[in-house]
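Trainee: I would like to learn how to read a structure feature by feature. Could we go through one together, slowly?

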Amino acid sequence: TILSSFLLLVGHRIPIGKTINGRSQCDACGNTIPWYALIPMFGYLIVRGKCVHCDAKISPFYPLMEFTTGALFAGGYLYLADNMIEYLIMMLFVMLLTAVSASDAKHQLVPDKLLLIFGPVLFVLRIIFPLTTWYYSLLGGIAAFLFMWFMAWYGKKRFKQEALGGGDIKLYAIIGVVLEIHLVFISLFFAAVLGL
């Protein structure tokens with residue numbers, strides 16, 4: 001949960017070009033957030049979901065993401081304790097998705113910087129340590145990229161406005177590499193159901 005709190009900060013600051021160093025500040029009043037309000041999950045409860053300076057509401061998205069990421073790390077360890085390489089891949093994957101979720105929720109952006117940091121590492125690890133066969137990762141990435149590119153193209157043509165950003169397309173290429181060809185379309189199905 002501590003790591004997820006940092007990843008949320010990264011996802012919040014990178015799209016607006018802010019450094020990840022320095023104290024967190026309230027979006028509404030700009031005052032520094034006290035240390036006890038930054039304790040993962042519990043800080044939100046301590047300040048009752050409001051800024052201690054201006055009473056602006058704090059989104060429950062933050063403690064929910066902190067809990068979810070912590071639970072995924074713990075559950076992943078229990079499930080993958082006998083395969084530490086796969087657990088490392090899972091952790092990096094969850095870290096990427098946590099930071100991207102924060103950025104997407106706050107700024108509706110999938111920052112290229114995050115994809116450039118995590119993407120190559122996940123690609124190399126998945127090629128060296130595939131779930132099935134190494135080229136299934138490559139096929140998964142290509143298939144996900146082409147499918148999302150087609151959806152973006154069709155959406156723009158059909159609705160005369162951007163339906164999917166380039167960051168979404170590149171992100172799903174990484175998801176395709178990690179999940180491989182046989183799981184990436186199941187992922188797309190569940191993403192569509194959850195989106196609806």
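Trainee: Is isoleucine 169 buried or exposed, and what is its relative accessible area?

Mentor: Please keep in mind that this is a predicted model. A residue counts as buried when its relative accessible area is under 20%, and because isoleucine 169 has a value of 8%, it is buried. Isoleucine 169 is found in helix α7, and, leaving aside its neighbours within four places in sequence, it is in contact with Phe145, Met148, Trp149 and Ala152.

Trainee: Which residue counts as exposed at 69% relative accessibility?

Mentor: The cut-off for exposed is over 50%, so arginine 48, at 69% relative accessibility, counts as exposed. Arginine 48 lies in the loop between α2 (42-46) and α3. Its C-alpha is 12 Å in space from that of proline 63, and the two are 15 residues apart in sequence.

Trainee: How do I read the length of a helix, and what span does α3 reach from its first C-alpha to its last?

Mentor: One compares the span with the value expected at 1.5 Å a residue, and for α3, which has 20 residues, the span is 27 Å, close to the expected 28 Å. For α4, with 24 residues, the span of 34 Å is close to the 34 Å expected. The 17 residues of α5 (residues 112-128) reach 24 Å, which is close to the 24 Å expected.

Trainee: How is the packing of two helices described, and at roughly what angle do the axes of α3 and α4 cross?

Mentor: Two packed helices are described by the angle between their axes and by the distance between those axes. In this model the axes of helix α3 (residues 61-80) and α4 come within 10 Å and cross at roughly 170°. Angles over 145 degrees count as roughly antiparallel, and therefore α3 is roughly antiparallel to α4. Among the residues that make the contact are Phe61, Met65, Phe73 and Leu80 of α3, and Met84, Tyr87, Val94 and Ala102 of α4. Sorted by class, the contact has 15 nonpolar, 4 polar and 2 charged residues.

Trainee: Which residues of α3 are buried, and what covers them?

Mentor: The buried residues of α3 are Pro63, Met65, Glu66, Thr69, Gly70, Phe73, Gly76 and Leu80, and what covers them includes α1, α2 and α4.

Trainee: Finally, which residues show a positive phi?

Mentor: Phi is a backbone angle, and one case here is aspartate 55, a residue other than glycine, with a positive phi near 65°; the place of aspartate 55 is in the loop between α2 and α3. Glutamate 180, which is not a glycine either, has a positive phi of about 70° and lies in the loop between α7 and α8 (181-195). Glutamate 180 counts as buried, because its relative accessibility is 0%. Glutamine 108, which follows α4, has a positive phi near 55°.

Note on methods:
Residues numbered from 1 in each chain as written. Predicted model: local features only at pLDDT ≥ 70, side-chain atom pairs only at ≥ 80, totals over all residues. Heavy atoms only, no water. Helix = DSSP H or I, 4+ residues; strand = E, 2+ residues; numbered from the N terminus. Expected span 1.5 Å × (residues − 1). Axes fitted to C-alpha atoms, helices over the stretch in contact; angles between N-to-C directions. Parallel < 35°, antiparallel > 145°, perpendicular 65-115°, else oblique. Contact = heavy atoms within 4.5 Å. Nonpolar A, V, L, I, M, F, W, Y, C, P; charged D, E, K, R; others polar. Buried < 20%, exposed > 50% of the residue type's maximum accessible area, 1.4 Å probe, protein only.
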